[in-house]
Amino acid sequence: MSGHSKWKNIMHKKEKTDAQRAKLFTKIGKEIAIAVKSGGPDPVANSKLKDLIAKAKANNVPNDNIDRIIKKASSDDAEAYETIIYEGYGPCGVAVIVETATDNRNRTASDMRHYFDKFGGNLGTTGCVSFMFDDKGVILISAEDLEEDKVMEDALEAGAEDISLEGEYYEVTCDVGDLYIVKDALEQAGYEIESAEEDKIPQSYVEITNEDDITKMTRLLDMLDENEDVQNVYHNWENEER
């Protein structure tokens, strides 16, 4: 999976400043609220919520905050977030998919158009780039004191499709529908799971060589990352160093 690494994305998020960390808390809070609305407030019965709670704790979101978000999302006056996906191209034809959760679709749509236009891209129609990505489940396992052959054997037995060593973690890839089955099997086998999330893996990659275009693409991703309505960003930029 050259050019793609969930580990890099997680390390990038963990290096946030306090102000950026607060925005990350807000994004995770929206994910939890949406999960509660769709599957209920009980993490035992709602596996998505269970994993989001684990994700929140891994990013140092206080337990009181998590409980408050779940309680609020369960109430009748909870904010209604709408999930909207935007697709388009960045500089040099880099394919970009942006997943948002918003309570104001006009504001979010305006922001997305502005970002793409400002940094040399263009916002497209639904489906214009999504066919270039494969939906997969991606699980990160702490690689400390683990032998790759053993991890590979256990991961494949659990239903994984592929495994690679990425920095401090083994990155396990599986069918998106098997994500929680594979995760639970690996946990039962004694592995420490850093994260388990749905992801979009590019089928091919675009390399940017012009410094001006590299700057524009970097700024586009930064602006998307900083927007509180944006939950996830996927792209096929080969030489990203973020």
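Exposed means over 50% relative accessible area, buried means under 20%, and partly exposed lies in between. The exercises below concern a predicted model.

**Exercise 1. Which residues of helix H6 are buried, and which on its other side are exposed?**

Step 1. Helix H6 spans residues 148-158, and its buried residues are Val151, Asp154, Ala155 and Ala158. Seen down the axis of H6, these buried residues fall within an arc of 100°, so they line one face of the helix.

Step 2. On the other side of H6, Asp149 and Glu157 are exposed.

Step 3. The cover over the buried residues of H6 includes strand S4 (133-142), strands S5 and S6, and helix H7 (179-188).

Step 4. Just after H6 comes Gly159, which takes a positive phi of about 115°.

**Exercise 2. In what order do the four strands of the open sheet stand, and which strands are at the edges?**

Step 1. The order is S5-S6-S4-S7, and the pairing is antiparallel. Strand S5 (162-166) and strand S7 (193-202) each have a single partner strand, so one side of each is left without a neighbour in the sheet and these two stand at the edges. From one strand to the next, the twist averages 30°.

Step 2. Strand S6 (residues 169-175) pairs with S5 over five bridges in the antiparallel sense; in this part of the sheet Ile163 stands opposite Val172 of S6, and Asp162 stands opposite Thr173 of S6. The hairpin of S5 and S6 has two residues between the strands, and in it Gly167 takes a positive phi near 60°.

Step 3. S6 is joined to S4 by seven bridges, again with the strands running antiparallel, and the bridge partner of Gly137 in S6 is Cys174.

Step 4. Six of the seven residues of S6 are buried, and the strand is thus mostly covered. For Cys174 the relative accessibility is 0%, so this residue counts as buried.

**Exercise 3. Determine where Asn232 is placed and whether this residue counts as buried or exposed.**

Step 1. Asn232 belongs to strand S8 (residues 230-235). Five of the six residues of S8 are buried, so the strand is largely enclosed by the rest of the structure.

Step 2. The relative accessibility of Asn232 is 16%, and because the cut-off for buried is under 20%, Asn232 counts as buried.

Step 3. Once neighbours within four places in sequence are left aside, Asn232 is in contact with Glu31, Ile97, Val98 and Glu99.

Step 4. Strand S2 (residues 95-102) pairs with S8 in the antiparallel sense over five bridges, and the bridge partner of Val98 in S8 is Val233.

**Exercise 4. At what angle do the axes of helices H3 and H4 cross, and which residues make the contact?**

Step 1. Two packed helices are described by the angle between their axes and the distance between the axes. For helix H3 (residues 47-58) and helix H4 (residues 63-74), the axes come within 10 Å and cross at roughly 150°, and the crossing is right-handed.

Step 2. On the side of H3 the contact is made by Leu49, Ile53, Ala56 and Lys57, and on the side of H4 by Asn63, Ile66 and Ile70.

**Exercise 5. How many disulfides does the structure hold, and how far from Cys92 is the nearest cysteine sulfur?**

Step 1. The structure holds zero disulfides. The nearest cysteine sulfur to Cys92 is that of Cys128, 17 Å away, and Cys92 is in no disulfide.

Step 2. With a relative accessibility of 46%, Cys92 counts as partly exposed.

Notes
Residues are numbered from 1 along each chain as its sequence is written. This is a predicted model: local features need pLDDT of at least 70, side-chain atom pairs count only at pLDDT 80 or more; totals for chains, interfaces and linings use all residues. Side-chain values use heavy atoms; hydrogens and water are left out. Two strands pair if DSSP finds at least two bridges between them. Axes are lines fitted to C-alpha atoms, for helices over the stretch in contact, and angles run from 0 to 180 degrees between N-to-C directions. Buried means under 20% relative accessible area, exposed over 50%, partly exposed in between (1.4 Å probe, protein chains only). The arc is that of the directions from the helix axis to the C-beta atoms. Contact means heavy atoms within 4.5 Å. A disulfide is a pair of cysteine sulfur atoms within 2.5 Å. A crossing is left-handed if the near helix is turned anticlockwise from the far one by less than a right angle, and right-handed if clockwise.
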